[in-house]
Amino acid sequence: MSAEQKSLSIDELKDKGRSIRELIIRMTTAAGSGHPSSRLSAVEIVTALFFGGIMKYDPQNPKWAGRDRFILSKGHAVPVLYAAMAEAGYFSPEDCMTLRKLGSKFEGHPNMKRLAGIEASTGSLGQGLSIGVGHALAGKMDKADYNVFVMLGDGELGEGQVWEAASAAHKYRLSNLTAIVDQNGYQQTGATKDVLDMKPVADKFAAFGWHTLEIEGNDQKAALEALQAALAVKEGPTAIVSRTKKGFGILPVLETTGDLNYHGKPLSPELAEKAIALIEAS
């Protein structure tokens, strides 16, 4: 069985990214809670993964053994994944509007027991890369040809488990594993440089034996080309350090609030409409 996805052009990917951004804003504002800015920084990478011909997947058969795996270690950003999956046909965009509602499958953090297509239940930061190592190692042992992609936030790099996983990935030469660090510069309590500065991130992964790339992650072309380059690496794991801006796509709206971090709170209906208008005009 094959589930190769059509690779969209850069302009088509940008259009898809606008749709994903708009849905993120709509679902978090409807929920009255969430972390919209943390999701917006990751849109270009997630768009490239799902619609740039990078990942193999089948929305009609989410447990297909040959699928590629995407694990969102920064689980609080899950609406970016819900929005991408809706665009990919796993479910309808309207389904996402039940985000964080009582009884909804669209929980505030991904839950693989509740929603088909979610590869790992995450939210306890620092664990996603270890899960990815397990998936990738299983693929090697089974002689399967799937790839594993793990997105981490830069704040969670302070967790020691991340570096234990990085060491194991090098030991087992997991060329089917790509880690993507969404380096947006913020975490819950403030700027990462003030809480625990882990820079230079790429050098740290390189010291663990990883192939590394650094990109401007909100550049759609750069995001796609980095993922394509990661797939071409055959001797070990790859880390993409994706320098992004939290709230990218609606930064002028966030600037009016005086809070560029905007962690853990949704946009008001009024601000949401301004943000959506800005996205549509971009």
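Contact is taken to mean heavy atoms within 4.5 Å. Helices (H or I, at least four residues) and strands (E, at least two) are DSSP runs, numbered from the N terminus. The structure is a predicted model, in which local features require pLDDT of at least 70, side-chain atom pairs count only at pLDDT 80 or more, and totals for chains, interfaces and linings use all residues. Residues are numbered from 1 along each chain as its sequence is written, and side-chain values use heavy atoms, with hydrogens and water left out.

Helix α4 (residues 79-88) is largely enclosed by the rest of the structure, because nine of its 10 residues are buried; buried denotes under 20% relative accessible area, exposed over 50%, and partly exposed the range in between (1.4 Å probe, protein chains only). The buried residues of α4 are P79, V80, L81, Y82, A83, A84, M85, A86 and A88. Their cover includes α1, α2 (36-40), α3 and β1. Just after α4, G89 adopts a positive phi of about 100 degrees.

Two packed helices are described by the angle between their axes and the distance between the axes. Axes are lines fitted to C-alpha atoms, for helices over the stretch in contact, and angles run from 0 to 180 degrees between N-to-C directions. Helix α1 (residues 10-31) packs with helix α3 (residues 43-51) at an angle of about 120 degrees, the axes being 9 Å apart. The two helices α1 and α3 are therefore oblique to each other; angles under 35 degrees count as roughly parallel, over 145 as roughly antiparallel, 65 to 115 as roughly perpendicular and the rest as oblique. The contact is formed by L13, K16, G17, I20, R21 and I24 of α1 together with V43, E44, T47 and F51 of α3. The residues of this contact of α1 with α3 comprise five nonpolar, two polar and three charged, where Ala, Val, Leu, Ile, Met, Phe, Trp, Tyr, Cys and Pro count as nonpolar, Asp, Glu, Lys and Arg as charged, and the others, Gly among them, as polar.

Helix α3 also meets α9: their axes come within 9 Å and cross at roughly 50 degrees, and α3 and α9 are therefore oblique to each other. On the α3 side, E44, I45, T47, A48 and L49 meet Q220, A223, L224 and L227 in α9. The residues of the contact of α3 with α9 divide into six nonpolar, two polar and one charged. T47, which lies in helix α3, is buried, with a relative accessible area of 0%. Not counting residues up to four places away in sequence, T47 touches L13, K16, G17, I20, G52 and Q220.

An open sheet of five strands is arranged in the order β1-β2-β3-β7-β6 with parallel pairing; two strands pair if DSSP finds at least two bridges between them. The edge strands, each pairing on one side only, are β1 (69-72) and β6 (211-216). From one strand to the next, the twist averages 20 degrees. Strands β3 (residues 177-183) and β7 (residues 238-243) run parallel and are joined by six bridges, and D182 has S242 in β7 as its bridge partner. Helix α9 (residues 220-232) lies across β2 (148-153), β3, β6 and β7, and runs at about 170 degrees to β6.

Residue E273 is located in helix α11 (residues 269-281) and is partly exposed, with a relative accessible area of 45%.
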